Amino acid sequence: MTTLPSIDPLNHGLKRAQELMESPTFKRDSAQDASWHIPFAELIIAVDELLIQARQRGQQVEFIDAVGVHGKIQDITSLIVWMRSSLPPRRDDLPTQLQHHRLNRYFDQGTGYFANGCFFTTDYSDELAFFIDDQRIYLEHHIGRLIQEVEAYKPEEK
């Protein structure tokens, strides 16, 4: 009898998050339409699941560098949990229940207002920031760093 190799959920989650981060919809020259909304929501769901896997192994990811907005001090885990709770509960519901009017993104450093009235500030040049309402998360500075921190503790694949 042949047994299939077991796939560690943390390794699987890391691979999925990295694949989503490399999505062409997150590149500077991508379309300026809403085509990035579902991949972004999937990325937040994948990163939330990754944090759950890490916590189950006793690892906390808690950096606060540029995480909070409007003077609020917040760690990356609480931001991801808040963003995940702002999305539909199931992946299958994303196409029909995602509240597109709450989502925005901005490349580079800047300050302004989005069409939905939310004020925003981004701190980094050559960086993509995503927003749900006025809550901001950076693709590389936040999500990329989170993945790197979790990856440092991943188990060896057999």
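In the predicted model, Val150 is buried, with a relative accessible area of 0%. This residue is found in helix H5. Leaving aside residues up to four places away in sequence, Val150 touches Leu10, Leu14, Leu50, Ala54, Gln59 and Val61. One of these, Val61, lies 89 residues from Val150 along the chain, yet the C-alpha atoms of the two are separated by 7.5 Å.

Helix H5 comprises residues 139–151. Besides Val150, its buried residues include Leu139, His142, Ile143, Gly144, Leu146 and Ile147. The cover over the buried residues of H5 includes the helices H1, H2 and H3 as well as the strands S4 and S5.

Helix H2 spans residues 37–56. At 1.5 Å a residue, its 20 residues should span 28 Å, and the end C-alpha atoms are 29 Å apart, which agrees with that expectation. Of the 20 residues of H2, 14 are buried, so the helix is largely enclosed by the rest of the structure. After H2 comes Gly58, with a positive phi near 85 degrees.

The axes of H2 and H5 come within 10 Å and cross at roughly 35 degrees. This crossing is left-handed. On the H2 side the contact consists of Leu43, Ile44, Val47, Leu50, Leu51 and Ala54, which meet Leu139, Ile143, Leu146, Ile147 and Val150 of H5. By class, the contact between the two helices has 11 nonpolar residues, with no polar and no charged ones. Leu50 and Ala54, which belong to the H2 side of this contact, are also among the residues touched by Val150.

Helix H1 (residues 9–21) has 13 residues, which at 1.5 Å a residue should span 18 Å. The end C-alpha atoms of H1 are 18 Å apart, in agreement with this value. Its buried residues are Leu10, Asn11, Gly13, Leu14, Ala17, Leu20 and Met21. These buried residues pack against H2 and H5. Leu10 and Leu14, both buried in H1, are among the residues that Val150 touches.

The strands S1, S4 and S5 form an open sheet in the order S1-S4-S5, with antiparallel pairing. Strand S1 (103–107) and S5 stand at the edges, each with a single partner strand, so one side of each is left without a neighbour in the sheet. Neighbouring strands of this sheet are turned by 25 degrees against each other on average, direction ignored. Helix H3 packs on the sheet and touches S4 and S5, and its direction makes about 115 degrees with that of S5.

Strand S4 (residues 128–132) is joined to S5 by four bridges, and the two strands run antiparallel. Within this pairing, Phe130 has Ile137 of S5 as its bridge partner, while Phe131 stands opposite Arg136 in S5. S4 and S5 form a hairpin with two residues between them. In the turn, Asp133 has a positive phi of about 55 degrees.

Although it is not a glycine, Ala66 has a positive phi of about 60 degrees. His70, likewise a residue other than glycine, has a positive phi near 55 degrees. In accessibility, Ala66 is partly exposed, with a relative accessible area of 24%, whereas His70 counts as exposed at 53%.

Terms used: Residues are numbered from 1 along each chain as its sequence is written. This is a predicted model: local features need pLDDT of at least 70, side-chain atom pairs count only at pLDDT 80 or more; totals for chains, interfaces and linings use all residues. Side-chain values use heavy atoms; hydrogens and water are left out. The expected span of a helix is 1.5 Å times one less than its number of residues. Buried means under 20% relative accessible area, exposed over 50%, partly exposed in between (1.4 Å probe, protein chains only). Axes are lines fitted to C-alpha atoms, for helices over the stretch in contact, and angles run from 0 to 180 degrees between N-to-C directions. A crossing is left-handed if the near helix is turned anticlockwise from the far one by less than a right angle, and right-handed if clockwise. Contact means heavy atoms within 4.5 Å. Ala, Val, Leu, Ile, Met, Phe, Trp, Tyr, Cys and Pro count as nonpolar, Asp, Glu, Lys and Arg as charged, and the others, Gly among them, as polar. Two strands pair if DSSP finds at least two bridges between them.
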